[in-house]
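Reader: I have a chain to look at for class. Can you walk me through it?

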Amino acid sequence: MAYIPKNYARLETDYREKALKLFPWVCGRCSREFVYSNLRELTVHHMDHDHSNNPPDGSNWELLCLYCHDNEHSKYTEADLYGSTVVAGEDAQKDVGVATHNPFADLKAMLDKKKR
């Protein structure tokens, strides 16, 4: 279980303000974009689940919408329930590779063909 300090509310305000200055206002999972009017729905997630680990460069934080943040934490509840394991930050470390498909690669040829 993550250690949550007694002065958590003040710490949360501090690192939240820093994170919102460091990162674009976009959910790191679903890519939902935020503006000032709905910014309260964007949360700061500690990737290692240690709320006292707040490096000034933000390397332990990611901005997640409320829904993705809840989903991230539910992984641990489900792991406890079903006897599996989850490693904090594991999915962020996975090499997802680079997209190789280019749907517009032959666009010019297809348009030329259609004109005939």
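Author: Start with F104, which sits in the loop between α3 and α4 (107-115). Helices (H or I, at least four residues) and strands (E, at least two) are DSSP runs, numbered from the N terminus. This is a predicted model, in which local features need pLDDT of at least 70, side-chain atom pairs count only at pLDDT 80 or more, and totals for chains, interfaces and linings use all residues. Residues are numbered from 1 along each chain as its sequence is written, and side-chain values use heavy atoms, with hydrogens and water left out.

Reader: Is F104 buried or exposed, and why?

Author: F104 counts as exposed because its relative accessibility is 58%. Buried means under 20% relative accessible area, exposed over 50%, and partly exposed in between (1.4 Å probe, protein chains only).

Reader: Ok, new topic. How many helices and strands are there?

Author: The chain has 4 helices and 2 strands. Their order along the sequence is α-β-β-α-α-α.

Reader: And which element has the lowest mean pLDDT?

Author: That is helix α3 (residues 90-93), at 59, while β2 has the highest, at 95. pLDDT is the predictor's confidence in each residue, from 0 to 100. The mean for the chain is 81.

Reader: What is C27 in contact with?

Author: Apart from neighbours within four places in sequence, C27 is in contact (heavy atoms within 4.5 Å) with R32, F34, L42, L63, L64, C65 and C68.

Reader: How much of the chain is buried?

Author: Of its 116 residues, 26% count as buried.
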